[in-house]
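Subject: Structure handover and findings

Hello,

Here is the structure for you to take over. Please open it alongside this note.

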Amino acid sequence: MCGITGFADFNHKSSVGVLRQMAASIPHRGPDGQAEYFDQQGTFQLGLGHRRLSVIDLSHAADQPMCYEDLVIVFNGEIYNYKEIKKELEEKGHRFITSSDTEVILHSWKEWGPRAIHKWHGMFAIVLYDKAKQELIGIRDRAGVKPFYYSFHKGLLLFGSELKTLMAHPGFKKELDQNAIASFLQYGYVPAPYAVFKDTFKIPPGHLLRFDLKTKTLTTEQYWNVYEYYNKPKLRISLSDAIEETERILEKAFQYRMVADVPVGVFLSGGFDSSCVTALLQKNSAAKIKTFTIGTTDHQMDEAPFAKQIAERLGTDHTEYYCTEKEALAIIPELPFYYDEPFADSSAIPTILVSRLAREQVTVALSADAGDEIFAGYTRYDYISRYLNKANRIPAPLRKLLAGGMSRLKPERIPLLKSRPELFGPYDKLRNLLGDPSPAVLLKNLSIAYTEQDTHQLFLHKPAGLVTGHNSTELQAGKDDALSFMMAVDYQTYLADDILQKVDRASMSTSLEGREPFLDQDIIEFAAQLPSEYKYHNGIKKHILKEIVYKYLPRELMDRPKAGFGIPITDWLLGILRPLVEEYFDPVFLKKQGLFHVLAVERLKDQFYAGRKDLHLRIWYLLMFQMWYKKWM
């Protein structure tokens with residue numbers, strides 16, 4: 001795990017010093033070393049910078065940038081099956097001087113070109129410089145575990161693991177993209193391929209970028225698409241066989257994530273996903289797996305006691321830490337630095353805390369994210385039967401009539417709702433669903449804080465909507481399988497742009513490598529083709545995964561209401577964080593900023609503090625943007 005950065009400058013205004021400055025902006029991503037590669041050509045300057053966190057082959061021979069013949073690489077991530085690939089390459093005559101996965105990437109690219117990507121099981125953001133072809137290749141892993149930003153403007157190509165590496169170059173122009181900000185306020189993150197700045201983008205998951213240094217031509221290509229597997233016919237397999245095969249695939253993928261030359265641990269929350277990872281790893285390990293849990297003094301939101309019981313049952317070497325509200329609140333001022341693009345998922349706070357706890361003992365920690373997206377674990381999937389199917393049973397003319405009536409009748413004018421302002425938001429969502437009872441509308445209703453109408457009222461200049469993964473037209477699964485549609489879109493959007501970025505920044509903030517065992521391609525490629533009723537079975541979410549966990553842990557321990565380490569954002573905003581809200585929503589600050597209508601922000605704030613608790617996400621998202629703005633603009 002590392003940090004990468006670099007440039008191709010056709011203006012000849014860069015230098016080794018600038019490259020070092022860019023790499024030095026992300027010391028937390030690689031405390032074990034920094035190195036650079038600089039090439040001065042007739043038409044351009046090229047620089048590749050690297051910060052190293054040593055995980056596989058700790059020797060200096062494995063340092064980056066690394067060269068092999070006419071190829072140079074900087075690489076962030078891990079290729080877990082590199083030993084198998086290395087053996088195949090050796091049989092073809094390749095010889096290696098390190099035991100690193102980095103060298104295997106170089107040789108495999110030399111041998112197979114882009115086809116090598118399909119052999120790699122791992123998480124990666126890779127830049128390859130092909131000196132012979134005068135070409136730069138950028139590659140991002142299938143699920144988007146590793147971040148990859150780039151910008152090309154006026155003869156300057158910049159790239160890096162974090163936006164701050166681009167901002168460290170004197171030629172980078174920090175010009176805000178209002179449309180991206182509007183999308184952030186909707187979702188709590190800026191969706192790929194966009195970034196908060198103009199002329200700046202993220203390589204989408206499963207894509208590679210080609211930059212021809214001779215013609216200054218930049219193109220992107222997709223090499224993997226989760227929709228391809230959801231669009232395939234469902235497998236003809238019994239439930240019992242599906243459970244057995246799923247466990248076999250999980251076990252292999254989880255074991256891959258233990259490959260390291262440093263200590264490895266597991267985040268154990270007490271839920272099904274992390275318990276599954278821990279159980280399958282511990283059963284095949286003679287040594288005790290190290291597990292880590294963060295607890296809270298609020299017993300209603302604390303699963304640490306259950307995690308401890310699970311650890312005792314499985315026989316792990318368990319560490320837990322109960323943090324105070326003060327410790328959690330102290331993280332908030334640090335968020336804009338580590339999340340250097342606006343980001344509003346409040347669970348970043350406990351993720352940073354558990355990462356700090358784990359880093360005291362290990363260099364690598366496994367995080368059990370993606371179980372919800374792959375095996376149907378989110379509460380919002382319940383709404384398919386609860387609302388979507390029922391709405392579709394209403395004749396279309398009647399639905400449209402009801403939706404039109406609700407549009408004309410504002411909730412504040414309805415006697416039953418007038419005293420329940422927290423229901424205004426659900427009223428609007430129901431109106432939208434009646435207007436179009438489709439999986440896409442339901443998912444968007446359940447995913448956004450600000451509607452497009454809200455953003456139009458908030459901004460001084462009306463933003464334009466962005467075409468993102470939420471608007472995909474290539475997914476056929478939703479035509480007769482709403483659950484598959486919602487899970488596939490969540491995998492491409494919420495998982496990649498929210499969950500994985502949260503874990504990457506949180507873990508790397510303390511120089512901890514976070515690994516995602518559920519994100520092996522074999523898991524999703526198989527699970528996407530399973531019948532939906534195996535995942536959501538008779539109203540039970542994650543049925544197939546739960547049946548696997550029950551083999552190792554008693555039902556009475558696992559079958560309980562989900563709690564998790566919740567952040568009481570609403571209570572904080574109403575109480576201890578109110579001075580922060582007043583500071584960042586200050587009319588003078590807003591006028592100087594020149595982005596938002598002062599009266600619209602004032603109205604939002606007044607409604608929230610007058611009892612509209614349902615607006616807490618709008619307040620939090622806007623606060624997170626304002627804090628980011630003050631830090632970076």
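Below is what was found, from the whole chain down to single residues.

First, the ground rules. This is a predicted model: local features need pLDDT of at least 70, side-chain atom pairs count only at pLDDT 80 or more, and totals for chains, interfaces and linings use all residues. Residues are numbered from 1 along each chain as its sequence is written, and side-chain values use heavy atoms, with hydrogens and water left out.

**Whole chain**

The protein chain has 29 helices and 17 strands. Both are DSSP runs numbered from the N terminus: helices are H or I with at least four residues, strands are E with at least two. The C-alpha trace spans about 80 × 60 × 50 Å along its principal axes.

Buried residues make up 61% of the 633. Buried means under 20% relative accessible area, exposed over 50%, and partly exposed in between (1.4 Å probe, protein chains only). The accessible surface comes to about 25,000 Å², and 52% of it belongs to carbon and sulfur atoms. Areas come from the Shrake-Rupley method with a 1.4 Å probe; for residues, only the protein chains shown count as cover. Of the contacts with a separation of 6 or more, 74% are between residues 24 or more positions apart. Contact means heavy atoms within 4.5 Å.

Strand β3 covers residues 45-52. Eight of its eight residues are buried, so β3 is largely enclosed by the rest of the structure. Gln45, Gly47, Gly49 and Arg51 point one way, Leu46, Leu48, His50 and Arg52 the other. In general, side chains in a regular strand alternate between the two faces of the sheet.

β3 pairs antiparallel with β1 (residues 2-9) over eight bridges. It also pairs antiparallel with β2 (residues 34-40), over seven bridges. Two strands pair if DSSP finds at least two bridges between them. Phe7 stands opposite Gly47, and Tyr37 stands opposite Leu48. β2 and β3 form a hairpin with four residues between them.

**Six-stranded sheet**

This open sheet is antiparallel, in the order β4-β5-β6-β7-β11-β12. β4 (66-68) and β12 (217-222) stand at the edges with a single partner strand each, so one side of each lacks a neighbour in the sheet. The twist averages 20° from one strand to the next. Axes are lines fitted to C-alpha atoms, for helices over the stretch in contact; angles run from 0 to 180 degrees between N-to-C directions.

Nine bridges join β5 (residues 71-79) to β6 (residues 122-130). Val74 has Val127 as its bridge partner in β6. Helix α3 (residues 101-112) packs on the sheet and touches β4, β5, β6 and β7 (135-140). Its direction makes about 125° with that of β5.

Glu69 sits in the loop between β4 and β5. Glu69 is exposed, at 52% relative accessible area. Beyond residues up to four places away in sequence, Glu69 touches Lys110 and Lys131. Its side chain makes a polar contact with that of Lys110 at 3.4 Å. A polar contact is a pair of N or O atoms within 3.5 Å; within protein, one must be able to donate a hydrogen and the other to accept it, and residues adjacent in sequence count only if both atoms are side-chain atoms.

**Five-stranded sheet**

This open sheet is parallel, in the order β15-β14-β13-β16-β17. β15 (317-323) and β17 (513-515) are the edge strands, each pairing on one side only. The twist averages 30° from one strand to the next. β13 (residues 264-267) and β14 (residues 290-296) share three bridges. Val266 is bridged to Thr291 in β14. Helix α8 (residues 272-282) packs on the sheet, touching β13, β14 and β16 (364-366), and its direction makes about 145° with that of β13.

**Thr246**

Thr246 lies in helix α7 (residues 239-256). Thr246 is buried, at 3% relative accessibility. A polar atom of its side chain lies 2.7 Å from the backbone oxygen of Ala242. Beyond residues up to four places away, Thr246 touches Phe375, Phe526, Leu530, Ile544 and Ile548.

Best regards
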